[in-house]
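The sequence and structure come first.

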Amino acid sequence: MKKAEYFSKDFEWDELRVEVENDPSLSYHLVPFEPSLSVPEEEAESQPWNDFHHRHASGKFFKERRYLLQEFPELVGCDENSKVLEVGCGNGSTVLPILRGNEKVTVYACDCSTEALERVKETIYASNIVSIEHRFHTFCCDFSTSGFPSWLSCNPCQANFEQTSDGRGKNESYRTDSSSLKESRCCIGGVDFVTLIFTLSALSLQRMPKSIKECFSVMKPGGLLLFRDYGLYDMSMLRFEMDKKVGFREYMRSDGTRSYFFSLGTVKDLFLGAGFIELELEYCCVKSVNRRNGKSMRRVWVHGKFQKPI
């Protein structure tokens, strides 16, 4: 497989900021917006994503994130038997390169969408990765509302989930809800890594602080949270029309899914407020060309690494 090329500084974010903030046609993105004070219902946020993954059941919408291990080499150089929690796994575009790149890690992947979990299992088991039966487990969970199941962070117990599964992380009744997992899986005593890759932006801003604290609660002391998400003034933000705004820097697509665009300051406040230590935080500014129309696209993502204090 050809090694992915990785670039993160094709242009300066401050130059883009000046351009955007001086363009009258984009001024509505800069105006403060007071959203409804009520937090969206759980189903109102998770159901659109379930529908989204059903529409894109072929998996062609997402591409494997082959750059991931270059951006987060800790996932390759970590200790044997390290545990990774992938939050919002979708169809497996993040899980797959992790399992390919390190044969000694165990990945626990969750999503609020049962459709997504079906797709990720199909993707992973079709990849013929070595010893996948014992290194990859899925569960359905909306960490922004119900939190994570207790078996992720409680003290290790004698129960052994792998002995009660069919080798693919399924128990006999093939239930994936967190309550059934509490009954069937061992307590793993916390995870070494949490990957939060283009997941937090799908939540309403009101839910983010609690969600990050949930991630903090299931990590071992010294564990790393690896973050990548949409950055302020990304091309996709500037494409949203005024009527799609549901908050400041917060938008809703026509299919009901949300997208928030982060400044470095917002990310810093959210993660430090949850108790994390900041290790890395910066904009990734990538210029690409649309092959169909030849237009240049300026993408902005936020890259972050945060540590749970020892």
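Two strands pair if DSSP finds at least two bridges between them. Strands (E, at least two residues) and helices (H or I, at least four) are DSSP runs, numbered from the N terminus. The model is predicted: local features need pLDDT of at least 70 and side-chain atom pairs count only at pLDDT 80 or more, while totals for chains, interfaces and linings use all residues. Residues are numbered from 1 along each chain as its sequence is written, and side-chain values use heavy atoms, with hydrogens and water left out.

An open, antiparallel sheet has three strands in the order S6-S7-S8. Strand S6 (245-247) and strand S8 (258-260) are at the edges with a single partner strand each, so one side of each has no neighbour in the sheet. Direction ignored, neighbouring strands are turned by 30° against each other on average. S7 (residues 250-252) runs antiparallel to S8 and is joined to S8 by three bridges; Glu-250 stands opposite Tyr-260 of S8.

## Seven-stranded sheet

Another open sheet has seven strands in the order S3-S2-S1-S4-S5-S10-S9, and its pairing is mixed. Its edges are strand S3 (136-140) and strand S9 (277-289), each with a single partner strand, so one side of each lacks a neighbour in the sheet.

Leu-196 stands opposite Phe-227 in S5.

## Helix packing

Helices H8 (residues 208-217) and H10 (residues 264-273) pack at about 50°, with axes 8 Å apart. Axes are lines fitted to C-alpha atoms, for helices over the stretch in contact, and angles run from 0 to 180 degrees between N-to-C directions. H8 and H10 are therefore oblique to each other (angles under 35 degrees count as roughly parallel, over 145 as roughly antiparallel, 65 to 115 as roughly perpendicular, the rest as oblique).

The contact (heavy atoms within 4.5 Å) involves Met-208, Pro-209, Ile-212 and Lys-213 of H8 with Leu-270, Phe-271 and Gly-273 of H10. H10 also lies across S4, S5, S9 and strand S10 (296-307), at about 145° to S9.

## Salt bridges

A salt bridge is a side-chain nitrogen of Lys or Arg within 4 Å of a carboxyl oxygen of Asp or Glu; the count is 14. One joins Lys-9 and Glu-282 at 3.9 Å, N to O. This pair links distant parts of the chain, 273 residues apart: Lys-9 is in the segment before helix H1 (13-21) and Glu-282 is in strand S9.
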